[in-house]
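Visitor: I would like a walk through this model, with cut-offs stated. Could we start once it is on screen?

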Amino acid sequence: MAINRLDNKQLTAFIPGTIVDVKVKVGQQVKQGDILVILDAMKMHNRILAPIDTTVKEINVKPGDRVSKGFVMVVLD
């Protein structure tokens with residue numbers, strides 16, 4: 001399942017869950033559709049994808065972190 005939410009270049013959690021994996025690093029160039037983060041919510045692994053070609057500016061999560069709905073996981077440049 002591929003889900004992302006872009007609000008002012010901030011990717012936020014669409015549902016509470018646990019971060020399974022972070023696939024990118026700060027400063028990394030990404031293309032639209034690249035997987036940034038995997039969020040486990042309701043026993044489903046949700047891929048958070050890059051909505052545009054851009055650079056990763058900030059990563060606010062690490063594997064094992066629990067996030068609430070609306071939490072800013074990744075900021076894009």
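Visitor: Which residue forms a salt bridge with Lys23?
Guide: A salt bridge here is a side-chain nitrogen of Lys or Arg within 4 Å of a carboxyl oxygen of Asp or Glu. The N to O distance for Lys23 is 3.0 Å. The partner of Lys23 is Asp21.

Visitor: What ground rules apply to the model?
Guide: The model is predicted, so local features need pLDDT of at least 70 and side-chain atom pairs pLDDT 80 or more, while totals for chains, interfaces and linings use all residues. Residues are numbered from 1 along each chain as its sequence is written, and side-chain values use heavy atoms, without hydrogens and water.

Visitor: Lys62 forms a salt bridge with Asp65. Is Asp65 buried or exposed?
Guide: The closest N and O atoms of Lys62 and Asp65 are 3.0 Å apart. Lys62 is exposed, at 52% relative accessible area. Asp65 has 19%, so Asp65 is buried.

Visitor: How many salt bridges are there by this rule?
Guide: Lys23 pairs with Asp21. Lys62 pairs with Asp65. The count is 2.

Visitor: Where is Met42 found, and what is the phi of Lys43?
Guide: Strands are DSSP runs (E, at least two residues), numbered from the N terminus. Met42 is in the loop between β5 (35-41) and β6 (44-49), and Lys43 is in the loop between β5 and β6 too. Most residues other than glycine have a negative phi. Met42 has a positive phi near 55°, and that of Lys43 is near 65°.

Visitor: Are Met42 and Lys43 buried or exposed?
Guide: Met42 has a relative accessible area of 69%, so Met42 is exposed. Lys43 has 80%. Lys43 is therefore exposed.

Visitor: Which residue in β6 stands opposite Ile38?
Guide: β5 and β6 pair in the antiparallel sense over 6 bridges. The residue opposite Ile38 is Arg47.

Visitor: Which residue in β9 stands opposite Glu58?
Guide: β7 (54-59) pairs with β4 (29-30) in the antiparallel sense over 2 bridges. Gln29 has Thr55 as its bridge partner there. β7 also joins β9 (72-76), antiparallel, through 3 bridges. The residue opposite Glu58 is Val75.

Visitor: Which residues touch the most other members of the largest nonpolar core?
Guide: A nonpolar core is a set of buried Ala, Val, Leu, Ile, Met, Phe, Trp, Tyr and Cys residues joined through side-chain atoms within 4.5 Å. The largest has 17 residues. Those touching the most other members are Ile19, Leu36, Val37, Val61, Met73 and Val74.

Visitor: What is Val61 in contact with, leaving aside neighbours within four places in sequence?
Guide: Contact means heavy atoms within 4.5 Å. The partners of Val61 are Ile19, Val22, Val37, Val67, Phe71 and Met73.

Note on methods: Pairing = 2+ DSSP bridges. Helix = DSSP H or I, 4+ residues; strand = E, 2+ residues; numbered from the N terminus. Buried < 20%, exposed > 50% of the residue type's maximum accessible area, 1.4 Å probe, protein only.
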